[in-house]
Amino acid sequence: MRDGFFSFAVFVWRMVSPLIVYDWISEWIYVILMVRFGGKHLLVVTAAGAVAASFLLGIWYLRWCRGEREKGKILLPERSFGTSSILNVAGLGISLCVFFNILIQYLPISWESFESVGEALYEPSVGVQLICMGLVVPFAEELVFRGLGYRRMRESAPAAGAAVLSAVYFGVFHGNIVQGVYAGVLGLFLAGVMEHYGTIAAPYVLHACANMMSVLLSNTFLSWVIVAFAPVRWSAMVISGVFSLYFTGKIRKEER
């Protein structure tokens, strides 16, 4: 009984401790910069916090990986992640972004909680959005949820259980129902490519490409066309769904 409780406590700690570190560092940066900028530039401030947290989290992740090698207990052996793999994962991220962004519009959920967040996120220029949401923030989040979270959870949980729990946790982290549902489902695929390739580079590429596609959709006429015209919307959903299956199949066929 006591051993079981201790194991569960260790499992939970491995899941939440990286986020505690991330939140602690990013919140300090947030307070300092928001005072400096007078409550403006939320996205840039968030990205600055992610950069600051990534230094410590990156060191932690590298030390954990080195410890695994020294102990000879590598649960996720690294698979070759070359050009072909990168293109497959990138294509999967783009396809999933389009598919789930359309699908989520049909779910009976309120968008009210997302509207204020969305306005702040999409306020800066497209270039700033691509850098912050497409490159910087995904790197920090992958260190937290897949690099240190999922990877360490796998020591005491099967792949399916760790993937579901890390995905739910990832969804809850986003703080509103719209982003939460989207991030939760995407989190399953992020955990999947982490498990498959054994390197944080894989979920980072998927996450970054999905976010960059979301930025491009939100800042071009494509978003308006997809929302306004049902035939275009359904066609885009079917095509992106087919490509999601295609790239998933390509990834699954790769051998270690």
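The discussion below takes up a helix pair and then a pocket.

Modeller: This is a predicted model, in which local features need pLDDT of at least 70, side-chain atom pairs count only at pLDDT 80 or more, and totals for chains, interfaces and linings use all residues. Residues are numbered from 1 along each chain as its sequence is written, and side-chain values use heavy atoms, with hydrogens and water left out.

Colleague: At what angle do helix H2 and helix H5 pack?

Modeller: Two packed helices are described by the angle between their axes and the distance between the axes. Here H2 (residues 42-71) and H5 (residues 126-153) pack at about 35 degrees, with axes 9 Å apart. Helices are DSSP runs of H or I with at least four residues, numbered from the N terminus; axes are lines fitted to C-alpha atoms over the stretch in contact, and angles run from 0 to 180 degrees between N-to-C directions.

Colleague: Where does H2 bend?

Modeller: H2 bends by about 30 degrees at Ser 54, the angle being taken between axes fitted to the seven residues ending there and the seven starting there. Just after H2, Gly 72 has a positive phi of about 70 degrees.

Colleague: Which residues lie nearest the centre of the largest pocket?

Modeller: Rolling a probe the size of a water molecule over the atoms shows where empty space is left. Of the 43 lining residues, Phe 114, Val 117, Leu 121, His 174 and Gln 179 lie nearest the centre. A pocket is an open set of points on a 1 Å grid over the protein atoms alone, where a 1.4 Å probe fits, with protein on both sides within 12 Å along at least five of seven lines; lining residues have an atom within 4 Å of a point. Helix H8 (residues 201-218) gives the most to this lining, with seven residues.

Conventions: Helices (H or I, at least four residues) and strands (E, at least two) are DSSP runs, numbered from the N terminus.
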